[in-house]
Amino acid sequence: MPLLNAFDLLTAANDSAPSAVTVLFGDDPMLRSWTLRKLLGLDAAEEERPDSIDLDGELAEWKDVRDELQTGSLFSMGQPRSIVVRDADKFVSKYRAELEAYVAKPSSAGLLLLELKSFPGNTRLYKAINKTHLLVQCAIPTGSGRSTKPDLNKLKSFLCGFVAARHQCKLQKGAAETLVELSGTSLGLLDTDIAKLAVCVERGAPVTDDMVRKFVGGWRSKTTWEIIDAATEGNSGEALRQLDHLIASGEKAFALLPQISWSLRRLGLAAAAIDYAEKSGRRISLSDALQQAGFRPFDMKKAEAHLRKIGRPRAQRMLGWLLDADLKLKGTHSTDDRARWVLEELFLKMAS
């Protein structure tokens, strides 16, 4: 049985049923969830089926899974029931030999569905399942040839079709392009954004490019400025709260630091200008130092308040802190989870 992509399975007009052994694998949890729901035949209002059992792959034992697969259900009306093992990466690694034997001779009383983040194609288990059972790759399709990059055209079509239909709205092509530009390729985040946009229009009405820029792009830009304001006022708690909001929405610390640094660097340059003038035996006003640092006339009042709030000792160290943060992101803290620590550390250094 050929490998299926979740996009094809979800947009197919006909219903899809799981095989005796079905593996859903991929790095997008939302896509895995949608695919599993379609295979189980769940509608929008159903959370689970009475003839299916969910097991935690971190805790499940093979003997228990095997027993469930071989046991019929009073609710199944003679049909095999579904045994779902979620987060099954550890489970598959631990019981690979047992699974290989089971795939060759599965039970007729139960259907085994394994949900994994990754499933290497060079393993015997992968090849055995792909030969006689069902494999669904839950990831955005890649481009043609050997490309590993997501096919953005297919993603946009999927958003305009399947995802928009979930929220009973019509997503215009230009709106989908802007949405991907602003939110990236996380389907969970894109689905949330489309749900918010759908609330702003009548049922079935089109969602336009201008709406995406206003309701999706607008709040992210606003939140970034709120982080900068909180950080420069020494309110690290608020800065960390807004940072958590942005990262939870899919923003990356790597992308946020340049935006935040642009404003903070100018405060550091103003402090450096004052230090340089004094060491040269001159005096310079705060407004002149801020102007030299690149602040425009309408920014001056706010920038002056921020610089006074930070205080001279911390302002003098600002350029060093920003350089340290930049070097960490390019070296020891280059992964997503560690990159976040860099911003958190910066805000705590600036705390009142």
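These notes go through a predicted model of one protein chain, from its overall form to single residues.

1. Basis. Because the model is predicted, local features need pLDDT of at least 70 and side-chain atom pairs count only at pLDDT 80 or more, while totals for chains, interfaces and linings use all residues. Residues are numbered from 1 along each chain as its sequence is written, and side-chain values use heavy atoms, with hydrogens and water left out.

2. Secondary structure. The protein chain has 16 helices and eight strands. Both are DSSP runs numbered from the N terminus: helices are H or I with at least four residues, strands are E with at least two.

3. Overall form. The C-alpha trace spans about 90 × 45 × 40 Å along its principal axes. The radius of gyration of the protein chain is 27 Å, whereas a compact globule of 352 residues would have one near 20 Å. That radius is taken over C-alpha atoms, and the globule rule is 2.2 Å times the number of residues to the power 0.38. As an example of distance, the C-alpha atoms of F298 and L42 are separated by 56 Å, and the two residues are 256 apart along the chain.

4. Burial and surface. Of the 352 residues, 45% count as buried. Buried means under 20% relative accessible area, exposed over 50%, and partly exposed in between (1.4 Å probe, protein chains only). The chain exposes about 18,800 Å², of which carbon and sulfur atoms supply 53%. These areas come from the Shrake-Rupley method with a 1.4 Å probe; for residues, only the protein chains shown count as cover.

5. Contacts and charges. Contact means heavy atoms within 4.5 Å. Among contacts between residues at least 6 apart in sequence, 72% join residues at least 24 apart. The chain has 49 positive and 46 negative charges, and their mean positions are 5 Å apart. Lys and Arg count as positive, Asp and Glu as negative; His and the chain ends are not counted. Each charge is placed at NZ of Lys, CZ of Arg, CG of Asp or CD of Glu.

6. Aromatic rings. The structure holds 10 aromatic pairs. The ring centres of F119 and Y126 are 5.3 Å apart and their planes are at 45°, so this pair is tilted. For Phe, Tyr and Trp (its six-membered ring), a pair needs centres within 6.5 Å; planes under 30 degrees apart are stacked, over 60 edge-to-face, and the rest tilted. F119 and Y126 are both buried. Elsewhere, ring pairs link F7, W34, F158 and F162 into a cluster.

7. Positive phi. D87 is in the loop between β4 (81-86) and α4 (89-94). Its phi is near 50°, a positive value in a residue other than glycine. D87 is partly exposed because its relative accessibility is 37%. Q168, in the loop between α7 (152-166) and β7 (170-171), has a phi near 55°, again positive and not in a glycine. Q168 has 44% relative accessibility, so it counts as partly exposed.

8. An exposed phenylalanine. F298 sits in the loop between α13 (286-292) and α14 (300-310). Its relative accessibility is 62%, so F298 counts as exposed.

9. K349. This residue is in helix α16 (residues 336-349) and is partly exposed, with a relative accessible area of 28%. Which residues does K349 contact, leaving aside its neighbours within four places in sequence? They are R314, W321 and D324. K349 and A231 are 118 residues apart in sequence, and their C-alpha atoms are 9.5 Å apart in space.
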